[in-house]
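Dear colleague,

Please find the structure below, handed over for your reference.

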Amino acid sequence: QVQLVESGGGLVQPGGSLRLSCAASGSIFSNNAMGWYRQAPGKQREMVATITRGGSTNYADSVLGRFTISSDNAKNTVFMQMNSLKPEDTAVYFCNALLRKTPWDGSRMYWGQGTQVTVSS
């Protein structure tokens, strides 16, 4: 089984910072890409940032310049440094990963359980 476990969420004041981490564990042959999505109450889940195995990154316009995604492929771990947080960043943040369990498997998307980020004074 493959598990993704997020950590690092919490309550922070506007303008503050948080660092999210997500580790994938289990039977993993390769990690092709990892990323972060978020879902605010009453809204659809949206992409925040993604990073490929080769290090190419993609960000939502709303977080560009404030959030930075990085990864450690050897440990199947992805991080997201979130600076200059705003109340509109409040959401449950989900980690996801595009993984292959064996050399003979195709890639499949896996999701974490989510971690709450609340930005409020």
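Strand 2 (residues 10-12) pairs with strand 11 in the parallel sense, and three bridges connect the two. Within this pairing, Gly 10 has Val 117 of strand 11 as its bridge partner. Please note that the model is a predicted one.

Strand 11 also pairs with strand 9 (residues 91-100); here the two strands run antiparallel and are joined by three bridges. Tyr 93 is the residue that stands opposite Thr 115 in strand 11. In general, the strands of a sheet pair through backbone hydrogen bonds, in either the parallel or the antiparallel sense.

The two faces of strand 11, which spans residues 115-119, may be told apart as follows. Thr 115, Val 117 and Val 119 make up the covered face, whereas Gln 116 and Thr 118 make up the uncovered one.

I turn next to an open sheet, which is formed by four strands in the order 1-3-8-7 with antiparallel pairing. Its edge strands are strand 1 (2-7) and strand 7 (67-72), each of which pairs on one side only. From one strand to the next, the twist averages 15°.

At one edge of this sheet, strand 7 pairs with strand 8 (residues 77-82) in the antiparallel sense over six bridges. Asp 72 stands opposite Thr 77 of strand 8.

With kind regards

How values were computed
Residues numbered from 1 in each chain as written. Predicted model: local features only at pLDDT ≥ 70, side-chain atom pairs only at ≥ 80, totals over all residues. Heavy atoms only, no water. Buried < 20%, exposed > 50% of the residue type's maximum accessible area, 1.4 Å probe, protein only. Pairing = 2+ DSSP bridges. Axes fitted to C-alpha atoms, helices over the stretch in contact; angles between N-to-C directions.
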